[in-house]
Amino acid sequence: MTEKYLIANWKMQLDKEQAIQQASLLAKLLSEEKISKDLRVVLCPDFIALSEVADIIKGSKIALGAQDGFYEEAGAFTSQVSMRQIKEAACQFVILGHSERRKLGESDEIINKKIKAALEQGLVPIVCVGETFDERKEGQQDLVIMHQIYEALKNIKPKPDQKIIIAYEPVWVIGTGQAIGIADAFYAASLIQQSLLDSLPDHDKKYCGVIYGGSVNSSNINDFVDLPNIQGALVGNASLDAQEFFTIIKKIK
Ligand code: PEP
């Protein structure tokens with residue numbers, strides 16, 4: 001993948017007014033700044049704020065993503081939002097398999113179905129994988145990551161030019177303010193690239209990317225995106241403030 005991605009995961013952190021304010025400020029800051037032509041900036045607000053944020057960023061350098069989506073296209077599925085509806089809401093991206101969803105019981109099988117549905121709608125799935133603290137303590141991290149990727153991409157057949165992004169997010173550093181070491185990130189990204197090759201042997205690797213997520217901020221962003229096998233970052237806390245997220249964006253050359 002030649003592009004770089006900075007993806008803001010706003011989770012359930014902002015109310016609608018705050019989401020509007022932060023999206024407006026970021027769009028304004030970016031309109032006055034020349035950013036790398038290969039950089040894609042993506043905001044993933046909650047479902048309630050999607051349409052307002054979509055209006056604000058229309059015509060700007062920012063793309064829209066959802067934080068999840070359901071695998072059925074339509075029907076009696078109370079509370080679910082389908083990939084088609086997400087697409088209709090002007091999203092191009094969808095985060096899937098985030099550890100905060102896995103913690104609530106989302107299985108590999110469900111994540112696999114969601115990836116399939118997202119690709120059918122032409123959305124770019126951002127598939128989160130990563131080990132918990134206990135799994136790392138037991139030395140299981142490689143197995144966990146490989147397993148999550150193999151299960152997520154089982155029988156997935158993307159169209160030749162469809163993009164798939166894998167976000168490596170060690171669960172134990174998310175939201176802690178302390179990112180993982182650079183060598184560990186590099187190692188995990190290599191493992192993920194190999195697992196991608198194994199899972200999607202016929203898919204052109206220029207359409208597959210690995211990004212890092214977990215306590216990224218403007219001080220450590222370059223530690224990760226300057227690695228040759230990491231194409232960007234998924235940013236939680238540090239993306240909630242447009243000024244800080246803008247500072248991160250400016251660090252990408
Ligand atoms: C996340 O949960 O996707 C994330 C990256 O969060 P944070 O940046 O706050 O660790």
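Predicted model: local features only at pLDDT ≥ 70, side-chain atom pairs only at ≥ 80, totals over all residues.
# Report on a ligand site and its surrounding fold

An oxygen atom of the ligand is 2.8 Å from a side-chain N or O atom of His98.

## The ligand and its shell

A polar atom in the side chain of Lys11 is placed 2.5 Å from an oxygen atom of the ligand. Gly236 contributes through its backbone, where a polar atom lies 2.8 Å from an oxygen atom of the ligand.

Is Ser215 buried or exposed? Its relative accessible area is 14%, and a residue under 20% is classed as buried, so Ser215 is buried. Its backbone also deserves attention: phi is positive, about 60 degrees, although Ser215 is not a glycine. In general, most residues other than glycine have a negative phi.

## Backbone angles in two other loops

Ala90 is a second residue other than glycine with a positive phi, in this case near 80 degrees. Ala90 is part of the loop between helix 3 and strand 4. With a relative accessibility of 44%, Ala90 counts as partly exposed.

Gly122 follows helix 5 and likewise has a positive phi, near 80 degrees. Gln121 is located in the loop between helix 5 and strand 5. Gln121 counts as buried because its relative accessibility is 18%. Beyond its sequence neighbours up to four places away, Gln121 touches Glu73, Met83, Arg84 and Lys87.

## Helix 5

How many residues does helix 5 have? Helix 5 covers residues 108-120, which gives it 13 residues. From its first C-alpha to its last it reaches 18 Å, close to the 18 Å expected at 1.5 Å a residue.

The buried residues of this helix are Ile111, Asn112, Lys114, Ile115, Ala117, Ala118 and Leu119. An α-helix has 3.6 residues a turn, so residues three or four places apart point the same way. Against which elements do the buried residues of helix 5 pack? Their partners include three helices, namely helix 3 (83-88), helix 4 (99-102) and helix 7 (141-152). The partners also include strand 4 (93-96), strand 5 (124-129) and strand 6 (164-168).

## Selected residues and their burial

| Residue | Relative accessibility | Class |
|---|---|---|
| Ile165 | 0% | buried |
| Ala233 | 0% | buried |
| Ser239 | 1% | buried |
| Ile20 | 21% | partly exposed |

Ile165 is a residue of strand 6. Leaving aside neighbours within four places in sequence, Ile165 is in contact with Met1, Tyr5, Ile7, Phe93, Val124, Pro125, Ile126, Val127, Gly209 and Ile211. Ile165 and Arg102 are 63 residues apart along the chain, and their C-alpha atoms are separated by 18 Å.

Ala233 lies in strand 8. Apart from residues up to four places away in sequence, Ala233 touches Tyr5, Leu6, Ile7, Ile211, Tyr212, Val216, Ile221 and Val225.

Ser239 occupies the loop between strand 8 (232-235) and helix 10 (242-250). The side chain of Ser239 reaches the backbone oxygen of Val235 at 3.1 Å. Among residues beyond four places in sequence, Ser239 is in contact with Ala8, Asn9, Trp10 and Phe245.

Ile20 is situated in helix 1 (residues 16-31). With neighbours within four places in sequence set aside, Ile20 is in contact with Glu52 and Ile56. Why is Ile20 classed as partly exposed? Its relative accessible area is 21%, and the buried class requires a value under 20% while the exposed class requires one over 50%. Ile20 and Gln85, 65 residues apart in sequence, are 21 Å apart in space from C-alpha to C-alpha.

Key. Residues numbered from 1 in each chain as written. Heavy atoms only, no water. Helix = DSSP H or I, 4+ residues; strand = E, 2+ residues; numbered from the N terminus. Expected span 1.5 Å × (residues − 1). Buried < 20%, exposed > 50% of the residue type's maximum accessible area, 1.4 Å probe, protein only. Contact = heavy atoms within 4.5 Å. Polar contact = N/O pair within 3.5 Å; in protein donor to acceptor, adjacent residues only side chain to side chain.
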